[in-house]
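Subject: That structure I promised you

Hi,

Here is the structure we talked about.

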Amino acid sequence: MPGEILDNRGRGSAGFTWPAIHPEGRKFGAIAAALCLAGVLLGGSLLGWPLAVLTLGVLAFFRDPERVTPRDDSMIVAPADGLVTQIRTVVPPREMTADDGSGRPALADGPVTRISIFMSVFDVHVNRTPIGGTIRRVVYIPGKFLNADLDKASEENERQHFVVERGDGVRVGFTQIAGLVARRIVPFVKAGDIVASGQRVGLIRFGSRVDVYLPAGTEPRVLIGQRIVAGETVLALLGQAPMIEGVRQ
């Protein structure tokens, strides 16, 4: 009917559905299920139950739920599920500020606000782009596997940088960082791809962190200790002053 409010699938009502399992995790789920079956055959319930729990845990780790992303060009949305552990003023990584031959750096070489999001093994690990636009840079860097919650993990751990540019030239950078347990960063996009805000862009296996570099002059709308949802939580609003206790400065 005209004026009816629809859900993200064009329906007039919504109901619970089990999250899909991302294709990247199906082989791990199959391996865990095979081990579970072998455990039942060889050791009965003594081995079967623990391995069944392991299988469910693997499938839960690779769950890929649908998200409803706000359609507002002024919004920078969270690229990852998890806990906001740091909000700091830093200079973006050299890989994001260096000229790639185009005559222009991907990000300006100056202090900006960095928001760090820690993902435990219980969080969804499919990452999403914070804004819509064109992927201008994807840079993978091998490194260590320190605790992803440490500040030096941004410079020493295995990581992958992304820079996305909107149609009006605004650019946002974000970085996937491997952690103690994480051992692979899987990208879904490449430089030159056009993405919508909240679109899936990659996955990190088994516990990790994502850093977001806000454009200069942009203030965060989240707090340290806040749990956020990829593709839905608004990290910042472009071109607006910060809100304090519901009053705009």
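Below is what I found when I went through it.

First, some ground rules. This is a predicted model, so local features need pLDDT of at least 70 and side-chain atom pairs count only at pLDDT 80 or more, while totals for chains, interfaces and linings use all residues. Residues are numbered from 1 along each chain as its sequence is written, and side-chain values use heavy atoms, with hydrogens and water left out.

Now the overall picture. The protein chain has four helices and 17 strands (DSSP runs numbered from the N terminus: H or I of at least four residues for helices, E of at least two for strands). Of its 249 residues, 45% are buried (under 20% relative accessible area with a 1.4 Å probe, protein chains only; exposed is over 50%, and partly exposed is in between). Take the contacts (heavy atoms within 4.5 Å) between residues at least 6 apart in sequence: 72% of them join residues at least 24 apart.

Next, helix α1. Its 21 residues, 23–43, span 30 Å from first C-alpha to last, close to the 30 Å expected at 1.5 Å a residue (that is, 1.5 Å times one less than the number of residues). Glu 24, Gly 25, Gly 29, Ala 32, Cys 36 and Gly 39 are its buried residues. After α1 comes Gly 44, with a positive phi near 65 degrees.

Leaving aside neighbours within four places in sequence, Ile 228 touches, among others, Ala 78, Ile 117 and Leu 235.

Last, one from the records: an unreviewed UniProt entry puts "modified residue: Pyruvic acid (Ser)" at Ser 208, though such annotations may be inferred rather than shown by experiment. Ser 208 sits in strand β13 (residues 208–213), and at 0% relative accessibility Ser 208 counts as buried.

Cheers
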